[in-house]
Every structure is written in structure tokens, then in C-alpha cells.
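Biologist: Before we use these labels any further, could we go through a few of them and set each against its cut-off?

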Amino acid sequence: MAKFDPETENNIEELIRAAETGNAAAQCNLAWSYDEGEGVEVDHEKAFYWYTKAAEQNHATAQYNLGCCYECGTGTDIDLPQAAYWYSKAAEQNVAEALNTLGIFYEDGKGVPVDFGKAVDFYRRAAELGNESAMVNLGCCYDDGTGVEVDQKMAAQLCRNAALKGYRIGQYNLALCYDQGTGVRKNMALAVKWYKKAAEQGYAEAQCNLGVCYENGTGVEQDSVQAVKWYRLAAAQDDAIALCNLGEAYYYGDGVKKCYKKAVEYYTKAAELGNSKAFYKLGICYEDGLGVKKNPVKSFECFQKAAEDDYPEAVYYLGSCYYNGRGVEKDLAQAYYWHKKSAELGETTGMNDIAVVDYGVEISDAERIMWLKKAADLNDDMALYNLALRYLNGYDGIEPDEKMAVKLFRKSAKQDHPSAYYALYKCYTNGRGVRKNRQLALKYLHKSAELGYSKARKVLKTLESGK
């Protein structure tokens, strides 16, 4: 509601008398007093009555406030067409809040037909009158081409205008522009500056994003304790991402003492708000008994909830539950379905499994190799190793190419894949794809053994015993 007269200490009896004589200003101020309980008991029906009286006399603030009553159902039933009507009357008198709200109505089709062009016109008029919310709304239109040609520089400028006036959503949106390089050059230091300004005004999304910057050391010196501080502030406002990030902090002991029980607590709160990553992490906790008792059925249910939102890791784990009969009856066809879906969502483990696992369904060599190559292109160590094996020995439709095999083994080994190191030991020992080199072979054997590969340890033990 817009406030008409800030001096609410007026004698309420005098205000009532003036309103009853037909004074529109008094009627609007009396309505506001009833709305807010200033000098009288809160009575929204009486507020609505007096706003109506003043609005019918063309009092601009009363017309806007009457629109708010109809929009929110305050003192009357919700009636969006009536709300739009009274906002329009106030907009005719250049009430900036009414112009901005009309823009929202036309953009969303609330009480009026959707009309993006009209939405932009109303936002622009309100912005020209200095309304910060309208500046941001108009900026969003320029950003995504709603009712106007896309112009990300203009979008960023409008956010800047609102930000410089201290409007926290404008500050947050300007930070996003610098964070993503939208309409301005990417500049994480400036992103942090504006996130912080909005965060200090209590804007939850800005607090969460500022926490991410501190966690990752982007635009600011890495500081996990500061990250947790800002996550807590956002989490207190039920920001689901911040709640999940707090869960992660406790899960890994990052900025706080590791505590799986606390992690589960925050994951649960985030999951209750629909956060798919939190459901996935809860699934992991129930699967491994971290912070809760092991419960395969609960684990499966959590993966299932996250998979509904196509969270790639959860989609993969759901397939694994079906494959192993963990928390659900074993079903290889379902396992194949979910693993393939995870692969399509970019999950490299799913790509790799589709290529090498037997699901009891027909998978062509071409499809297997396609998924292995996709995962290898994403530098997945297991896929690089499995693809190398096929080049080394020539199967699944791949012609032998020992040099290519060695190249792929090396890429996998760079990620400390123990089997890849052992494969390099074998290649250098037998001269496959490379010249024989006992010194290098032993180096790779030792590395594989250090990483816990049982075959390497066995061979190394045999070699050492023979000395």
C-alpha cells in the first residue's frame, strides 16, 4: 500500500469527520490508518470502504491502494480485472507504483490480456519517474526480449540505475551481469561488490551467491568461514540453495566442523523446499549411513525425487539401485533406462556404463563406442581407460591402434586412474604402442600400486621378492 500522509498522529476523530464530509485526502488517510492500525484498530473492510470513496473522487493514491486491495483480497474479494482498472486510473495520474504494477499485469496476464508491448511501455514510464522496481523489470525485458529487442547492455544499464539508487534487487541483478558477463565485461570483483551491497540489505539470493564467491574464491579471497556466514543468513530466509550449501559445508567440513548429522538436517530442509541436489545428497547419506541409519528404501526414494527434476547424478544412482536391487526390486530394463537417461543428461558414469555393462538388452557396438567417445571427450578417466582397451585389443567395432591406446591410457593416468597406470606398465614392458622401456614401466607400476591397484601390488611384490 502507498502511504498518503505520514503524519498519522492526527486526531482520528477529526480525520473521521473530515472524511465523512467528503474530503478525499482525509478519506485516503483514514483508510490507510485502518489498514495499518495507526490510531485505530486494524479494519481492512473499513479501509477498503474509505479507499473506494476517495478513489471515486479521483484521488490517485487511493486509486492505487484500492487496486492493491482488489489484487490481494484485502477487505474485499480478489478481483484482478478491478485491480487492473484502479491501477489504470492511478497510472493516468502518473503514479509510478501503479505504472509498474500495470506492467506486471500485462506481462503476466493478470486481470488483462497478455501484452508485452504494453508491459514495456508501462515499465518505461514508471522507470522514467524513478521507480527502481520498474527499472529492473524493464531491464529483464531487454535481457530476454520480452516486448522489445534484446539489448543486454541496456538491461545492465537499467540494473545499474536501480542499484545506484540503493535498490537491492537492482544491486543483485547488476551483480549477476558482472558474474555472467551479460551486457558488461565479466568482472567477479565487481560482482562481489554488488552481491555484498544487496546481501547487506538482507536479500537472500545475494547472500547465497556471495557465499558461493567466498567458497570458491571468485572475485574475493577464498574464505570458507565467510561462505558459511552468508549461507546461514540466506538459509534463515529459507533459501533452498543456501540450505543445501550449508549441508555441503557440514558434509565435507568446509568452514565448519564436519558433521554428517548437521548435513542431513540442512539437506532435509532444502529438500522440503524442492531442491533436487539436496534430495540426491540425502540419497547418498541414507545409502552410506552418514548422519542417519542406512536405509536403502529411503535412499531410493530420495534418488527418485531428485531424478524427477532430471538431476543427472540422481538419475544415474536411481539406475544403479535398479541394477543392484538396492531399495527396490532388481530390474535391468529400468537400470538401462535410467543409466541411458543419465548419459543423455551428460553424466559420464552413465555414458561409460551404457558402453560396458550388460543390461540384457541389445546395444550395438556403434552405440557403445559413441557413448565411450562422448565421455572420453569430457575427459572421464574410466571412459578414457575403457576406450584405450578397445584400441589396444581391437573389439566392439574398433580397429586396433596401439599408439592411440597409449595416448588414451596416458590421459586417464593423468587423473590417477590406477588401472591406466598398470596398462602403461604393460605397454612399456611389452613394447605395445611405444618402445620398450623398463624404467618407465616400473615407474607406472609403482604408481598403480600406490593408488591401491591389487594387480600392480601383486606384480610388484613378485618382482621385489625375486631380487
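This is a predicted model: local features need pLDDT of at least 70, side-chain atom pairs count only at pLDDT 80 or more; totals for chains, interfaces and linings use all residues.

Biologist: Why are α2 and α3 called roughly antiparallel to each other?

Modeller: The axes of helix α2 (residues 24-36) and helix α3 (residues 44-55) cross at roughly 160° and come within 8 Å. Angles over 145 degrees count as roughly antiparallel, and α2 and α3 are therefore given that label. Their crossing is left-handed.

Biologist: What makes up the contact on each side of this pair, α2 and α3?

Modeller: From α2 come A24, Q27, C28, L30, A31, W32, Y34 and D35, which meet H44, K46, A47, W50, Y51, K53 and A54 of α3. Divided by class, the residues of this contact are 10 nonpolar, two polar and three charged.

Biologist: Which term describes how α5 and α6 lie to each other, and why?

Modeller: Helix α5 (residues 80-91) packs against helix α6 (residues 96-108) at an angle of about 140°, and their axes are 8 Å apart. Roughly antiparallel would require an angle over 145 degrees, and roughly perpendicular one of 65 to 115, so α5 and α6 are classed as oblique to each other. The crossing of α5 and α6 is left-handed. On the α5 side the contact is made by L80, A83, A84, Y87, S88, A90 and A91, and on the α6 side by A98, L99, T101, L102 and F105. This contact of α5 with α6 has 10 nonpolar and two polar residues, with no charged ones.

Biologist: How do you know that α18 and α19 are roughly antiparallel?

Modeller: Helix α18 (residues 312-324) and helix α19 (residues 332-344) have axes that cross at roughly 165° and come within 7 Å. With the limit set at over 145 degrees, α18 and α19 are therefore roughly antiparallel to each other. Here too a handedness is assigned, and α18 passes α19 in a left-handed crossing. The contact of α18 with α19 has nine nonpolar, five polar and one charged residues by class.

Biologist: Is E248 buried or exposed, and what makes it so?

Modeller: E248, which lies in helix α14 (residues 240-252), has a relative accessible area of 13%. Buried means under 20%, so E248 is buried.

Biologist: What makes the pairing of the E248 and K281 side chains a polar contact?

Modeller: The side chains of E248 and K281 come to 2.6 Å, and the cut-off for such a pair of N or O atoms is within 3.5 Å. Leaving aside neighbours within four places in sequence, E248 is in contact with Y267, K277 and K281.

Key:
Residues are numbered from 1 along each chain as its sequence is written. Side-chain values use heavy atoms; hydrogens and water are left out. Axes are lines fitted to C-alpha atoms, for helices over the stretch in contact, and angles run from 0 to 180 degrees between N-to-C directions. Helices (H or I, at least four residues) and strands (E, at least two) are DSSP runs, numbered from the N terminus. Angles under 35 degrees count as roughly parallel, over 145 as roughly antiparallel, 65 to 115 as roughly perpendicular and the rest as oblique. A crossing is left-handed if the near helix is turned anticlockwise from the far one by less than a right angle, and right-handed if clockwise. Contact means heavy atoms within 4.5 Å. Ala, Val, Leu, Ile, Met, Phe, Trp, Tyr, Cys and Pro count as nonpolar, Asp, Glu, Lys and Arg as charged, and the others, Gly among them, as polar. Buried means under 20% relative accessible area, exposed over 50%, partly exposed in between (1.4 Å probe, protein chains only). A polar contact is a pair of N or O atoms within 3.5 Å; within protein, one must be able to donate a hydrogen and the other to accept it, and residues adjacent in sequence count only if both atoms are side-chain atoms.
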